[in-house]
Amino acid sequence: MLDIKRIRDNPDEIREGLTARGADTAVVDSVLECDARRRASLAEVEALKATRKAVSKEFGKRKAAGEDMESVQAEMRELGDRVAVMDEDIRKIDDELTALVLGIPNLPHVSTPRGLTEDANEVVRTVGEIPHFDFEPKAHIELCEELGILDLKRAARMSGAGFPLFVGQGARLVRALKNFMLDMHVEQHGYTEVAPPFL
């Protein structure tokens, strides 16, 4: 999630990043408008709370001095009700703002080539030789499903779209890749492996 201060201070940078991703930039204006409402409401409610606190400090003295405080009490009750309503409004604005900011995707790095199709990609390096087949190769998902090492339908029922369920040899491959990564960083890069407690 992007920091609201970053969006507030650099809206053009955020718009540019969203444009580079092909995303709608109108969300930036919505965030800024919602943030402005939130900040104005916070300033107003803080001023009301400061007034209530100041009156509360003087209340006992004035009552002890014999002043009729009934009208002040009524005014403070009304002020308290207004503060409660405003606190609830601010909570709703916070929820709205959070939802808007969560909807903004991560922005691409400035070095990322701009473009909305794979044609805009740049080859940074090639490792090994690119194989050429005398047949039409299958997509990796199709191969994985045929081999029975991936089950996307069951995964979607469990956790929604976008999360794979690896089965059998697929699950073993995922575990082997994790071990490979850990072993490489511990043995070659000097990291210390830890196993923290988890519930």
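**Close-up views of a predicted model**

**View 1. The salt bridge between lysine 5 and aspartate 9 in helix α1.** The side chains of lysine 5 and aspartate 9 meet in a salt bridge with an N to O distance of 2.7 Å, a salt bridge being a side-chain nitrogen of Lys or Arg within 4 Å of a carboxyl oxygen of Asp or Glu. The model is a predicted one, in which local features need pLDDT of at least 70 and side-chain atom pairs count only at pLDDT 80 or more, while totals for chains, interfaces and linings use all residues. Residues are numbered from 1 along each chain as its sequence is written, and side-chain values use heavy atoms, with hydrogens and water left out. Both partners lie in helix α1 (residues 4-9), four residues apart, which is about one turn of the helix; helices (H or I, at least four residues) are DSSP runs numbered from the N terminus. Lysine 5 has a relative accessible area of 47% and is therefore partly exposed, and aspartate 9, at 44%, is partly exposed too, where buried means under 20% relative accessible area, exposed over 50%, and partly exposed in between (1.4 Å probe, protein chains only).

**View 2. The salt bridge between arginine 6 and glutamate 13.** The closest N and O atoms of arginine 6 and glutamate 13 are 2.5 Å apart. Arginine 6 counts as partly exposed because its relative accessibility is 32%, and glutamate 13, with a relative accessible area of 34%, is also partly exposed. Side chains of opposite charge can pair when their charged atoms come close. In total, the structure holds 15 salt bridges.

**View 3. The salt bridge between arginine 91 and glutamate 88 in helix α4.** The closest N and O atoms of this pair are 2.7 Å apart. Arginine 91 and glutamate 88 are separated by about one helical turn, because they stand three residues apart in helix α4 (residues 70-102). Relative accessibility is 39% for arginine 91, which therefore counts as partly exposed, and 33% for glutamate 88, which is likewise partly exposed. Elsewhere, salt bridges that share partners join Arg8, Asp35 and Arg39 into one network.

**View 4. The contact of helix α3 with helix α4.** The axes of α3 (residues 26-64) and α4 come within 9 Å and cross at roughly 155°; axes are lines fitted to C-alpha atoms, for helices over the stretch in contact, and angles run from 0 to 180 degrees between N-to-C directions. The two helices are therefore roughly antiparallel to each other, a label given to angles over 145 degrees. By class, their contact has 18 nonpolar, four polar and 11 charged residues, where Ala, Val, Leu, Ile, Met, Phe, Trp, Tyr, Cys and Pro count as nonpolar, Asp, Glu, Lys and Arg as charged, and the others, Gly among them, as polar.

**View 5. The aromatic pair of phenylalanine 133 and phenylalanine 135.** The structure holds one aromatic pair, formed by these two residues, and the pair is tilted, with 5.1 Å centre to centre and 45° between the planes. Rings of Phe, Tyr and Trp (its six-membered ring) pair if their centres lie within 6.5 Å, and planes under 30 degrees apart count as stacked, over 60 as edge-to-face and the rest as tilted. Phenylalanine 133 is partly exposed at 47% relative accessibility, whereas phenylalanine 135, at 51%, counts as exposed.

Notes: Angles under 35 degrees count as roughly parallel, over 145 as roughly antiparallel, 65 to 115 as roughly perpendicular and the rest as oblique.
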